[in-house]
Amino acid sequence: MTDNPALADTAWLDQHTLNDRQRRFVLAYLETSVAAQAAEKAGYKQPHVQGPRLLSNVVVKAAIADGRSQIEQKAMLDATKVAELWAEIATADPNELTQHIHAPCRYCHGIDHAYQWKTKREFTEAKAAAVFDLYSDDALREAAMAGQIEDARIPDDAGGYGYRLTDDPNPDCPECSGFGIEITRMADTRKLKGGARILFDGVKETKQGIEIKMQDRGKALENLAKHFGMFAGKVDAEEVSPLERLVSRLVSNENAVPVRPDPEPQDASTAPAHPLDGGADDHPAND
Ligand SMILES: [Zn+2]
């Protein structure tokens, strides 16, 4: 029938008292705006005569005007939806998708900065594995597990328990100097909401591991600016949109904008990479 999705639902056409051929003419005319072509498509025998005549019919004219406003409304609605989507992407927080965390190292919070275990279970398992590897004799293994053998290769729990990745690194740690270990954490993408959900553009498997793909936020912002510029021009040619005003002010007078100098490079984010760093150095830390 029609290629225009705005005309797919023709309930509005029922408001007008038209016969089937007239209905087809109205729909065809909304597509082509050529009376003779629309009349031919609608099935009139003499399209070149009937087409212009139909256009002067009051009921047909009203139906065409109604159809045009339907198309405009649909287009406006689509533009608004698209703008809303761009706004969501432009303002979404990438931190909701991936987080770069500085976790403590094993010596940060250990007693006297000795190796700290997560739990008693973790320690016992590690000790048993080490003892099994070190000795082949069952009696020796038993004695080692009971603490009756002095061997520096057997793990001990002098550093205590309670290691947690969610704690902060200890600035006084002699092992990591307070940098801790850097961990990149990915969000459970099933639980994403709002902007973050739109920002998320799937997962890519790379040689380095899994990478989260994101929509282009810069592009979204640019589209949004264009969108608002377009609307400002449409509403009133004399009126300058707030966004354009802001941009021209920024360009003409840079001093009007408070520019904060970069802080001295002394925080963790600008310090040289830690050896434990996996090589990711373009993370948006602390901003
Ligand atoms: Zn540490």
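**A strand and its surroundings**

Analyst: A residue is buried if 20 or more other C-beta atoms, placed from the backbone, lie within 10 Å of its own, exposed if 12 or fewer do, and partly exposed in between. The model is a predicted one, in which local features need pLDDT of at least 70 and side-chain atom pairs count only at pLDDT 80 or more, while totals for chains, interfaces and linings use all residues. Residues are numbered from 1 along each chain as its sequence is written.

The partner of β3 is strand β4, residues 209–214, which runs antiparallel to β3 and is joined to it by five bridges (strands pair if DSSP finds at least two bridges between them). Within this pair, Val-203 stands opposite Ile-212 of β4. A hairpin of two residues leads from β3 to β4.

The whole chain holds four strands together with nine helices (DSSP runs numbered from the N terminus, with at least four residues of H or I for a helix and at least two of E for a strand). Their order from the N terminus is α-α-α-α-β-α-α-β-α-β-β-α-α. Of the 287 residues in the chain, 15% are buried.

Buried residues are found in helix α2, namely Ala-35, Ala-38, Ala-39 and Ala-42. These four lie on the same side of α2, because they cover an arc of only 100 degrees around the axis (the arc being that of the directions from the helix axis to the C-beta atoms). Their cover includes α1 and α3, the latter at 47–55. After α2 comes Gly-43, with a positive phi near 100 degrees.

Nonpolar side chains tend to be buried together in soluble globular proteins. In this chain, the largest nonpolar core has 14 residues, and Phe-25, Val-26, Ala-28, Tyr-29, Ala-38, Ala-39 and Ala-42 have the most contacts inside it (such a core is a set of buried Ala, Val, Leu, Ile, Met, Phe, Trp, Tyr and Cys residues joined through C-beta atoms within 7 Å). Two or more residues of this core come from each of α1 (20–32), α2 (35–42) and α4 (58–91). Helix α1 gives the largest share, six residues. Apart from residues up to four places away in sequence, Ala-28 touches Ala-38, Lys-41 and Ala-42 (a contact requires C-beta atoms, placed from the backbone, within 7 Å). A second, separate core has nine residues, among them Ala-92, Leu-97, Ala-220 and Leu-224.

Asp-14, in the segment before α1, is exposed because 9 other C-beta atoms lie within 10 Å. Its C-alpha is 9.4 Å from that of Ala-63, although Asp-14 and Ala-63 are 49 residues apart in sequence.

Most residues other than glycine have a negative phi. Asp-112 has a positive phi near 55 degrees; its place is the loop between β1 (98–103) and α5 (120–134). Asp-112 is exposed, since 8 other C-beta atoms lie within 10 Å. Ser-177 also has a positive phi, near 55 degrees, and is found in the loop between α6 (138–145) and β2 (181–186). Ser-177 is partly exposed, with 15 other C-beta atoms within 10 Å.

Note on methods
Two residues are in contact if their C-beta atoms, placed from the backbone, lie within 7 Å.
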